[in-house]
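The structure goes in below.

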Amino acid sequence: MSVGTGRTPNSTAVDVRITTRAELALRGIRLDAEVARPAGAGPSDDGHVLVDGANAALPTNPASPYSVRDGRVWLGEEDTGVELSPVHRPKFYDLTTADGVRYEQIARLHGADVLATTVVQTCIRYAESDRCRFCTIEESLRDGATVAAKTPAQLAEVAEAAVRLDGVRQMVMTTGTTNGPDRGARNLVRSVRAVLQAVPGLPIQVQCEPPGDLRWITELRDAGATAIGIHVEALDEQVRKRWMPGKSQVPLADYEAAWDEAVRVFGHNRVSTYLLVGLGEDPDELIAGAARLIERGVYPFVVPFRPMAGTLAARDGITAPGAELLTYVTETVARLLRDAGMSGADQGAGCAACGACSVLKTAGG
Ligand code: SF4
């Protein structure tokens, strides 16, 4: 890894903020977050707060050296200058559907203004031999935090309430992978339609594996989705096989075809993918892969891997990457994004627009 950023005194202040934000993402903070996300799909299991006014999903960790005093983050007795405010429990969490399902089991608040749901909370790849090592999608089912399948009508009801009562500004719909060739896209199409009927104009990002039949990408756009995430998580074949034994059977070429079709249908910078830092991929190869994604018009949402409770990685004692590695990758990818004129906010909806699980926004991406 080679760092050559040509720093000025001003950029040093920015760098300190990026490093602090990276440390917070990895080591967490001593805090009782009111809005915590339980285990679920993907790599995050955090408390939701605002850091310097931006959404941030941080592990709440009683052993963290970082704490909060007077609305600022302190490292021991040192005031870092970084501001932190809580995200309050949303009012819609207190509601229940007519058939007795708590709204909170249907969709959850991410950051201060994002409604997130996993439309189908089961995955064909969840057998231990196939499962992504960082994922806990079915764990939150076991502890009753969510329900296995959300109906379009339930999602519409919750979205309407979350927008009206809590000022939600965008929605993220992900799904476990289903058996059919649509890979879960069919349920997403129905869900997007229903939510937009209840809340016209709400920006929605859908997330799924590359559908076997690419025409589903047009169906998702026609339903009214604003953006799409097709998440590869890693580009290195060895890393893919090791971390995602099931998902890595989908060839990278299928991802590339789906990304290209999605850019054609949704537009430049309306398509994104997660890239996890800390799975053992060579950082400069990861950055080169991010550069190729940017050239395609796909936003590489760089996120630190963290061993969430309930994952196979945590069981196997795998630890999060160091802050220096995360900062290096994040700063470099943010610079590539800026050079290409791509910002997460311009996705309109979705994880890159939210930014909470990444340090990219702090780094100017
Ligand atoms: S980045 Fe995505 S997963 Fe993370 S809090 Fe925001 S919407 Fe949720």
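Entry one, the ligand shell. I sorted the residues around the ligand by class and got eight nonpolar, two polar and one charged. The model is a predicted one, and I read this entry with that in mind. The shell has eleven residues, and the closest are His48, His110, Cys351, Cys354 and Cys357.

Entry two, a helix pair. Two packed helices are described by the angle between their axes and the distance between the axes. I looked up both values for H6, residues 215–223, and H8, residues 252–266: the axes come within 9 Å and cross at roughly 30°. Angles under 35 degrees count as roughly parallel, so H6 and H8 are roughly parallel to each other. I also noted the hand of the crossing, which is right-handed where H6 passes H8.

Which residues make the contact? On H6 I listed Ile217, Thr218, Leu220 and Arg221. On H8 I listed Ala258, Glu261, Ala262, Arg264, Val265 and Phe266. By class, the contact of H6 with H8 has six nonpolar residues, one polar and three charged.

I searched the whole structure and found five aromatic pairs. I wrote out one of them, Phe134 with Trp243: the ring centres are 6.4 Å apart and the planes are at 25°. Planes under 30 degrees apart count as stacked, so the pair of Phe134 and Trp243 is stacked.

Where in the chain do Phe134 and Trp243 sit? Phe134 is in the loop between strand E7 (114–118) and helix H3 (139–142). Trp243 belongs to helix H7, residues 237–243.

Note on methods
Residues numbered from 1 in each chain as written. Predicted model: local features only at pLDDT ≥ 70, side-chain atom pairs only at ≥ 80, totals over all residues. Heavy atoms only, no water. Near = heavy atom within 4 Å. Nonpolar A, V, L, I, M, F, W, Y, C, P; charged D, E, K, R; others polar. Axes fitted to C-alpha atoms, helices over the stretch in contact; angles between N-to-C directions. Helix = DSSP H or I, 4+ residues; strand = E, 2+ residues; numbered from the N terminus. Parallel < 35°, antiparallel > 145°, perpendicular 65-115°, else oblique. Left-handed = near helix turned anticlockwise from the far one by under 90°. Contact = heavy atoms within 4.5 Å. Phe/Tyr/Trp six-rings, centres within 6.5 Å; stacked < 30°, edge-to-face > 60°.
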